[in-house]
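Here are some exercises to work through with a structure on your screen. Try each task on your own, then read the solution step by step.

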Amino acid sequence: MSGLIKSSIARKVAMALSGLFLVFFLLQHFTINLTSIISPETFNELSHFMGTNPLVQFALQPVLIFGVVFHFIMGFILEIKNRNARAVKYAKYSGGANSSWMSRNMILSGLVILAFLGLHFYDFWIPEMVHKYVEFAPEDPARYYPELLEKFESHVRTILYVISFVFLALHLWHGFASSFQSVGFNNKFSVGATKFAKAFAIVIPLGFIIVSIVLHLNHVLNN
Amino acid sequence: MNLTLKIWRQKDAQSKGKIVEYPISGIEGDMSFLEMLDVLNEELITKGEEPVVFDHDCREGICGACSLQINGEPHGPDRLVTTCQLHMRKFNDGDTIFIEPFRAKAFPVVKDLMVDRSSFDRIQHAGGYVSVNTSGNTIDANAIPINKDNADDAFAAATCIGCGACVAACKNASAMLFTAAKVSQYALLPQGQVEATDRVMAMVNQMDEEGFGNCTNTGACEIECPKGISLENIARMNREYLSASLKG
């Protein structure tokens, strides 16, 4: 089994599985976010549940954080190993002739997403942890929507979120479909699975963009 | 056709190489790329200069000896051909053509455009074979019933000529397409089943030890492969490897 952990194929599968796990998380995150522009009450209820349920807080949340950290660290390790595999670069390299920009620049889109996560944690996760586990502030089930709305008052923050979601789409465009190949799934169903993954890569980030813009417009239209 | 060639020149494995520019004229569209290099070398020899060293053998696309990264693509801009099958009609009068060796840590440059691809041989030696008793009672392979789809896929995998274009094209210098083709050609056949577990483990471990990069599914290898080896083989190798690992 030690050979399995060190092998290139095992690392590739680990990247794929952690990525697939994060894809499922994105879908769940988006579903809750979407309720914020349809029914703030539902958004509050779901956020209150996610924010106070012990299973979510003390079991799923650590697993999610592990998944995110693992995906990034493994991504960096593979990037360094891959760069070392070609010590002398080509004077002329025509990557565009045989592969997509997205597939060749996963580290770039990944770094933008990592930077975004820093902002996102600063905006939501850290204040939430401080609120609950440092200040032990009394729980108000109706606080989530106003807190969310407040964050999207800034033009700059909204633009940063939109740019980040574009890079998320670029990352998912290659990453989601590619994960099937990594786990050994390449058969007559692959064409359909790839189409689904590519559609997901557009629809979900676009949905996040729409939610961000609608929340921001709440401020623009009310002022 | 008048061309400007920018060719990687490197005295030996230890020396530092550089791109050297060579103007060349009188090139016909019907010449192969290697014939164009032959013309250049004749000119260099006539001038008393060192000819450009490059690998070649059969010159009909079946041996896998020729290589060359031409204008940033292994075997040049054409598809499903090796460099020896690439015609100069694919280029235009006045073009500048970059000619470099296949680049990978596991393919060290020997001289100029010639690289040492023995890392592929070592991967093959690690498990790319079927042990057959040849002491007089060998069973004729044709006597063993084989599913037609599997036979076709195994044959397609076996068309890999081990040229290294997959490594050269991959941004990570990964050898997964080559190794996967060699694993697949046996994994699909009944004769290959007995040693299947050991084979995939040994070949993948050897591939990793040689210093090739990791596959990130860009698909560049499949596009540039002169034999059209499919990415399906890599998925099959991944399955074979995971299954073998879990068996211990």
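**Exercise 1. Find out what share of the contacts in chain B between residues at least 6 apart in sequence join residues at least 24 apart, and do the like for chain A.**

Step 1. Keep in mind that you are looking at a predicted model. For chain B, take the contacts between residues at least 6 apart in sequence: 70% of them join residues at least 24 apart.

Step 2. Turn to chain A and apply the rule again. Here 85% of such contacts join residues at least 24 apart.

**Exercise 2. Decide how α6(A) and α8(A) are oriented, and say which residues make their contact.**

Step 1. Locate the two helices: α6 of chain A covers residues 106–134, and α8 of chain A covers residues 155–182. They pack at an angle of about 140°, with their axes 9 Å apart.

Step 2. Compare the angle with the cut-off. Roughly antiparallel needs an angle over 145 degrees, so α6(A) is oblique to α8(A). The crossing of this pair is left-handed.

Step 3. List the partners. From α6(A) come Met106(A), Ser109(A), Gly110(A), Val112(A), Ile113(A), Phe116(A) and Leu119(A). Among those from α8(A) are Leu160(A), Phe167(A), His171(A) and Gly175(A).

Step 4. Sort the contact residues by class: 9 are nonpolar, 6 are polar and none is charged.

**Exercise 3. Do the like for α2(B) and α6(B).**

Step 1. Helix α2 of chain B runs over residues 118–127, and helix α6 of chain B over residues 196–209. Their axes lie 7 Å apart, at an angle of about 155°.

Step 2. Since angles over 145 degrees count as roughly antiparallel, α2(B) and α6(B) are therefore roughly antiparallel to each other. Their crossing is right-handed.

Step 3. On the α2(B) side, the residues are Arg122(B), Ile123(B), Ala126(B) and Gly127(B). They meet Asp198(B), Arg199(B), Ala202(B), Met203(B), Gln206(B) and Met207(B) of α6(B).

Step 4. The classes in this contact are 5 nonpolar, 2 polar and 3 charged residues.

**Exercise 4. Explore the side of chain B that touches chain A.**

Step 1. Count the residues: 38 of chain B are in contact with 35 of chain A.

Step 2. Find the elements. β5 (96–100), α6, α7 (220–224) and α8 (232–247) of chain B each supply at least two residues to this side. α8(B) gives the most, with 8 residues.

Step 3. Sort the chain B side by class: 15 nonpolar, 14 polar and 9 charged residues.

**Exercise 5. Explore the largest nonpolar core, and follow Ile234(B) to its contacts.**

Step 1. The largest nonpolar core has 53 residues. Those that touch the most other members include Cys166(B), Leu177(B), Phe212(B) and Ile234(B).

Step 2. Elements giving two or more residues to this core include α2 (8–38) of chain A, as well as α4 (165–169) and α5 (176–187) of chain B. α5(B) gives the most to this core, with 8 residues.

Step 3. Leave aside the neighbours of Ile234(B) within four places in sequence. Its contacts are then Gln181(A), Met176(B), Leu177(B), Ala180(B) and Cys215(B).

Step 4. There is also a second, separate core of 21 residues, which includes Ile27(B), Leu86(B), Phe91(B) and Phe98(B).

**Exercise 6. Is Val39(B) buried, partly exposed or exposed?**

Step 1. Val39(B) has 16 other C-beta atoms within 10 Å, so it is partly exposed; buried would take 20 or more.

Step 2. Beyond its neighbours within four places in sequence, Val39(B) is in contact with Ile24(B) and Ile27(B).

Conventions: Residues numbered from 1 in each chain as written. Chains lettered and ligands numbered in written order. Predicted model: local features only at pLDDT ≥ 70, side-chain atom pairs only at ≥ 80, totals over all residues. Axes fitted to C-alpha atoms, helices over the stretch in contact; angles between N-to-C directions. Helix = DSSP H or I, 4+ residues; strand = E, 2+ residues; numbered from the N terminus. Parallel < 35°, antiparallel > 145°, perpendicular 65-115°, else oblique. Left-handed = near helix turned anticlockwise from the far one by under 90°. Contact = placed C-beta atoms within 7 Å. Nonpolar A, V, L, I, M, F, W, Y, C, P; charged D, E, K, R; others polar. Core = buried A, V, L, I, M, F, W, Y, C linked by C-beta atoms within 7 Å. Buried ≥ 20, exposed ≤ 12 C-beta atoms within 10 Å, placed from the backbone.
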